[in-house]
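This report covers the aromatic side chains of a predicted model. It looks at ring pairs, then at charges over rings.

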Amino acid sequence: MLPDLLASLDFASEGTPLETFLVSAGSTDGSAELIEAYVASHPLAYNLSLPTKCTAGAARNLVIPLLEGRYTFFIDADDALDPAALVRAARHAASLSAQVLLMPYSLVYVHAEGRDVRGMDKWDVASWALAQGHDGTDQALNSALSLINYPWNKLVLTELMHERDVFFGLTAVQNDVQFHNTALLAAKGRPGGVAFLQPDSPAVCYHNKFVGSDRFQLTKTASAERVQMLAAISQTHRALAHADVDFCSSSQAALWLASARKLFTWALSNKLVPPEHTARFVAEKNRLLACIQTCREPCFP
């Protein structure tokens, strides 16, 4: 899938300067070689591949201090991109002077018989509808905070990330929770604020979910690493409280609590926590949510 993504980046860069950072973290599937060949023929592409494995958050954080383009967009190698939609979205964000622009995406279920393209998650569709006509307001911000914490549904002003130290978490799972929430909160009160494309706009990212396949996707896998979700939520809470001294008295604090609860419900209802870890996970989850509700910080040592 990486060759298709690289071809899409080629199309997107036609007539639009596109600075591209590519990271392969200890990959053994030929990705590093593909990246090396691509960078050799693209002067605005950079290879930051690593010899050893690291979390997706750590790989993404590696490039953030180096970014110079006006807006930043993250995408994974096994996802697909509509390059024309990305270019239109970037131009729209610039026309609004938006700090963060939320963009429609589509979930694609890949199975032996083919692919089912299903559009956005129904939860996000509802939040998207509430944001329409409210660009740059707290209503748009609050709607965005209610979205699933995907990294590839948004363009973020690069200057905002640099000024407000917006980074991903370092845990193996849910490292995008910190990026999603801190980027949005950093946009609060700034000119342009948070904006949304229309929900019927073409999807920018097509996120592949592999069904009935032995292809590894940590998101759908029950593993001991899921316990790191506790640290991901705790670290995000700390980052939010540090980013805004008024956070605990804001409407965004209640939305953050609701999002944390939803994430834990998702993990447990999908049986992503192995049975031998479930009792401890539930106990620590309850303690963490009680801490977030009272807005104490730090919630864990």
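## A stacked pair between strands

F21 is buried: its relative accessible area is 17%, and the cut-off for buried is under 20%. Y46 has a relative accessible area of 32%, so this residue is partly exposed.

By the pairing rule, the model holds nine aromatic pairs. F21 and Y46 form one of them. Their ring centres lie 5.0 Å apart. The planes meet at 25°, and stacking requires under 30 degrees, so the pair counts as stacked. F21 belongs to strand β1 (residues 20–22) and Y46 to strand β2 (residues 45–47).

## An edge-to-face pair

W128 and F196 have ring centres 5.0 Å apart. Their planes stand at 90°, and the edge-to-face class begins over 60 degrees, so this pair is edge-to-face.

## A cluster and two charges

Three phenylalanines, F74, F168 and F179, make up one aromatic cluster. F168 also has a charge over its ring: the charged end of R60 is 4.9 Å from the ring centre.

Y109 has a charge over its ring as well. There, the charged end of R118 lies 3.9 Å from the ring centre.

Terms used:
Residues are numbered from 1 along each chain as its sequence is written. This is a predicted model: local features need pLDDT of at least 70, side-chain atom pairs count only at pLDDT 80 or more; totals for chains, interfaces and linings use all residues. Side-chain values use heavy atoms; hydrogens and water are left out. Rings of Phe, Tyr and Trp (its six-membered ring) pair if their centres lie within 6.5 Å; planes under 30 degrees apart count as stacked, over 60 as edge-to-face and the rest as tilted. Helices (H or I, at least four residues) and strands (E, at least two) are DSSP runs, numbered from the N terminus. Buried means under 20% relative accessible area, exposed over 50%, partly exposed in between (1.4 Å probe, protein chains only). A charge sits over a ring if NZ of Lys or CZ of Arg is within 6 Å of the ring centre and within 35 degrees of the ring normal.
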